[in-house]
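I opened the notebook to look up the aromatic pairs, the nonpolar cores and the pockets.

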Amino acid sequence: MTERMTREARRAQLLAIAAREFAAHGLHGASVEAVAREAGITQAYVFRMFGTKKALFLELVGAAFDRFSDGMRDAAAALPDGSDGLDALSRMGARYDELLADRTTLLLQLQGFAACGDDEVRDVVRSRFARLWDAVATTGLDDVTLKSFLAFGMLLNSGAALAAADVDEPWARGIRTRIRPGLFEHVTTATNR
């Protein structure tokens with residue numbers, strides 16, 4: 001006789017399956033039927049648990065953004081006293097790079113951006129991006145530095161999505177360039193007009 005899953009275990013199972021489905025196919029291409037089939041349950045049960053396909057997508061996209069924000073905030077918080085904003089930014093960059101190894105989370109974040117033609121999706125992505133900005137802003141650095149850092153992060157997202165690490169060409173090596181102290185020194189409030 002098989003044991004019944006607890007509601008919490010079933011929810012976790014469905015979130016993991018749905019994360020892979022939405023990461024691969026996006027909001028409109030993902031199939032709740034495929035999620036239900038893999039979980040061995042009915043679509044109706046998925047809808048009872050999450051309400052709508054979009055609600056499930058929004059929960060997953062929000063969690064994907066939060067993994068990046070929380071990870072970067074935690075990395076900076078682990079710095080010893082006396083560290084400055086650039087030390088924190090360096091730690092955040094290293095953690096962000098580590099987090100990119102979770103391809104499902106990365107693709108969920110990108111699928112969130114791709115679905116921003118929908119007002120509800122755009123509102124969730126905006127709020128989560130604001131949370132990401134706020135995490136980086138804890139460094140106390142100016143907006144131009146924060147913008148440069150996050151722009152570099154978006155380039156890293158693109159490189160990770162393209163599996164640039166597997167490509168030995170100049171563009172791919174360029175994308176893999178690490179953030180080093182002084183990388184953004186040429187970008188200042190005065191030069192960013």
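**Entry 1: aromatic rings**

I looked up Phe 65 and found 0% relative accessibility, so Phe 65 counts as buried. My cut-offs: buried is under 20% relative accessible area, exposed is over 50%, and partly exposed is in between (1.4 Å probe, protein chains only). Phe 113, with a relative accessible area of 28%, is partly exposed.

I note the basis here: the model is predicted, local features need pLDDT of at least 70, side-chain atom pairs count only at pLDDT 80 or more, and totals for chains, interfaces and linings use all residues. Residues are numbered from 1 along each chain as its sequence is written, and side-chain values use heavy atoms, with hydrogens and water left out.

I searched the whole structure for aromatic pairs and got four. Rings of Phe, Tyr and Trp (its six-membered ring) pair if their centres lie within 6.5 Å; planes under 30 degrees apart are stacked, over 60 edge-to-face, the rest tilted. Phe 65 and Phe 113 pair edge-to-face, at 5.4 Å centre to centre and 75° between the planes. Phe 65 lies in helix H4 and Phe 113 in helix H6, so this pair ties together parts 48 residues apart in sequence. Helices are DSSP runs (H or I, at least four residues), numbered from the N terminus.

The ring centres of Phe 68 and Tyr 96 are 4.7 Å apart with planes at 40°, so I log this pair as tilted. Phe 68 sits in helix H4 and Tyr 96 in helix H5 (residues 85-99), so the pair ties together parts 28 residues apart in sequence. Both residues, Phe 68 and Tyr 96, are buried. I also logged a cluster: ring pairs link Phe 65, Phe 113 and Phe 129.

**Entry 2: nonpolar core**

Which residues have the most contacts inside the largest nonpolar core? I found Leu 14, Phe 22, Val 46 and Phe 57, in a core of 30 residues. Such a core is a set of buried Ala, Val, Leu, Ile, Met, Phe, Trp, Tyr and Cys residues joined through side-chain atoms within 4.5 Å. Apart from it lies another core, of 17 residues, including Met 92 and Phe 149.

**Entry 3: pocket**

I looked up the lining of the largest pocket and counted 15 residues; Asp 97, Leu 100, Gly 159, Ala 160 and Ala 165 lie nearest its centre. H6 and helix H8 (143-161) each give two or more residues to this lining. H8 gives the most, with three residues.

Definitions and conventions: On a 1 Å grid over the protein atoms alone, a cavity is a set of points where a 1.4 Å probe fits but cannot get out, and a pocket is an open set with protein on both sides within 12 Å along at least five of seven lines; lining residues have an atom within 4 Å of a point.
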